[in-house]
Every structure is written in structure tokens, then in C-alpha cells.
Amino acid sequence: MNVTPVERVERVPPSEKGFERHSDIQLTFKYAPARDNIDTNLLIFLHGLGDTALPFFELGKQLQQTLPQTAVLSVQAPMRVPLLEEEAWMWWESFDSLGELIQNPNPTNAIRSLQALLIYLTSAPDDGGCGWDPKNLHLFGFAQGGSVLLETLIYMRPKEWGSATSVCGPLLSLPTFSPALTTPLCFVTRLQKALLASSRARSSITAVQRAFAHVTHFNFIDTQQEMVHGSEWKDIMTFWSRFWSKKSSWEREGELYRVS
């Protein structure tokens, strides 16, 4: 039996300048450490089409009141929506020259940006990263942000993360690979019962279930407000509770050893 001390890795808070130095990619994001100053989990938000990082950053800070040992990072999409005076951003080119939504968008650049961010967050501080364990990263994407999230996790397979949640953000591609990803996924749809049984809805859900081995599916019927709200958060929190980490005071302050 071998007993060796476990080396403690000091994390570095993410910064836009640090990310750019690490990857040569520019992204805007907002970061807040855990309220209890114990950054065990990192909850990452990806907003939808036409939004900014700020509302989800404020949401994250509200959730910190309930989620222990959790830092939050809200990422802003890299492309500005054209012809709008207000702040509005998109993950990929979403409109054609006539202002119509592009039906088959190309998310390649968005996937590249999110992949670079995840690599930066999980790289060792000695390599210019932040030192997070992938198992402690929990990703939440809404609408377009949810689709980017799913496609990026597929692109980075078989890497496993703490958890992923996509709200009204379906896959853009048809998964044909095997085996399925092991990252636990919460997939949220908003479909009336009649539509839930339709072939289009079923194919969208089946595609996600084919790509991810562990899918928890919630269908919230309220179509007036697509984002999770009110009592619906209870279901999301229940899902998260199965995968959230919480370090005891002994783990935080004591000396750890690995037995093999």
C-alpha cells in the first residue's frame, strides 16, 4: 500500500485578459466568486439570441444564495446582432441579408470560442489557466446558448464535465457517434402536450438522448416565458443536487493523502 500526499492546486480567478493571453480569443464575461469564499463549483451561463451576459450574471448571483461553494461565470456571445442600437449579442450569424433567421446556422466559431474558454478554465495555473477540475464545472445554456453548449460538449468528447443544462436549446446536428457522452444532462423543453408527441419534437429529444447517456428531461408547458422561472427552479435544483460538490472543513484545511 502506497500513501502519497495530494497536491493542492490553487485556482486563479478567470479574467478576460488572462483568457486572451491563453487562447488569442476575445470574449466578454462576468465572474463572481462563491459567497462563502469556497470556490468548489463553477456555474457557467450562456445566454440566448439577442441578450447579454449581465442578466444571467445577476441570476447567478441570486442562485449563489442557495448553491453552496459556487462561483458563477456569465459569458457573452461574441457577435453583435446587426442593426440594433441596444446591446444584443448572438453566438453565430443568425440573420440573412433580408433580416430573416438563418435556418441552418454554422456554430463553428462559437464552438471554438467556448472550447477555448473551457480549456482555459481547466488548464493548470502554471500553463496560464485557472486550475478548475472539469468535474466541478456545471454549464447552463438558454436557447441559442444551450445549442452552443451541447454542440461544444459533443465536439470535445469524451471529456466529462460536472453537469450540463440546456433550456430550449436543441442540438443543431444529428449525432452519429458512439459511445454517448457521460456528462449528466438536464434537457428542458417547452411544448404543449399535442406538440410533445409530434415527430419533430420526438426527434429533437431522441437526438439529445442519443448523444448523452444520462439525460433528465423536463417539459415545462408555459410557453409565454421560455426561461426557467418560479417553481420550475425546484426541478433544476434537484438535478444539480446530485452532482454538486461540497468540501468539508477537513478537506479545505487538512492535509490530504492518496492511498493506492
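This is a predicted model: local features need pLDDT of at least 70, side-chain atom pairs count only at pLDDT 80 or more; totals for chains, interfaces and linings use all residues.

Me: Is the crossing of helix 3 and helix 4 left-handed or right-handed?

Reply: The crossing is right-handed.

Me: Which residues in helix 3 and helix 4 meet?

Reply: Helix 3 brings Ala110, Ile111, Leu114, Gln115 and Leu118. From helix 4 come Val148, Leu149, Glu151, Thr152 and Tyr155. By class, that contact of helix 3 with helix 4 has 7 nonpolar, 2 polar and 1 charged residues.

Me: Now helix 1. At what angle do helix 1 and helix 3 pack?

Reply: About 105°, with the axes 10 Å apart. Helix 1 spans residues 16-23. The angle therefore makes helix 1 roughly perpendicular to helix 3.

Me: Which residues in helix 1 and helix 3 meet?

Reply: On the helix 1 side, Gly18, Phe19, His22 and Ser23. On the helix 3 side, Ser113, Ala116, Leu117, Ile119 and Tyr120. The contact of helix 1 with helix 3 counts 5 nonpolar and 4 polar residues, with no charged residues.

Me: Switching topic. How many disulfides does the structure hold?

Reply: The structure holds 0 disulfides. Cys168 is in no disulfide, and its nearest cysteine sulfur belongs to Cys186, 11 Å away.

Me: Backbone next. Is the peptide bond from Arg157 to Pro158 cis or trans?

Reply: That bond is cis, with omega near 5°. Pro158 sits in the loop between helix 4 and strand 8, residues 163-167.

Me: What about the peptide bond from Ser178 to Pro179?

Reply: The Ser178 to Pro179 bond is cis, with omega near 0°. Pro179 lies in the loop between strand 8 and strand 9, the latter at 185-189.

Me: What is the phi of Leu83?

Reply: Positive, about 70°, although Leu83 is not a glycine. Most residues other than glycine have a negative phi.

Me: Where is Leu83 found?

Reply: In the loop between strand 5 (79-80) and strand 6 (89-90).

Me: Last one. What feature does UniProt place at residues 39-179?

Reply: The unreviewed UniProt entry gives "domain: Phospholipase/carboxylesterase/thioesterase" there. Over residues 39-179 the chain is 27% helix and 20% strand. The end C-alpha atoms of that stretch are 32 Å apart.

Notes: Residues are numbered from 1 along each chain as its sequence is written. Side-chain values use heavy atoms; hydrogens and water are left out. UniProt positions are given in the numbering used here, feature names are shortened, and annotations may be inferred rather than shown by experiment. Helices (H or I, at least four residues) and strands (E, at least two) are DSSP runs, numbered from the N terminus. A crossing is left-handed if the near helix is turned anticlockwise from the far one by less than a right angle, and right-handed if clockwise. Contact means heavy atoms within 4.5 Å. Ala, Val, Leu, Ile, Met, Phe, Trp, Tyr, Cys and Pro count as nonpolar, Asp, Glu, Lys and Arg as charged, and the others, Gly among them, as polar. A disulfide is a pair of cysteine sulfur atoms within 2.5 Å. Axes are lines fitted to C-alpha atoms, for helices over the stretch in contact, and angles run from 0 to 180 degrees between N-to-C directions. Angles under 35 degrees count as roughly parallel, over 145 as roughly antiparallel, 65 to 115 as roughly perpendicular and the rest as oblique.
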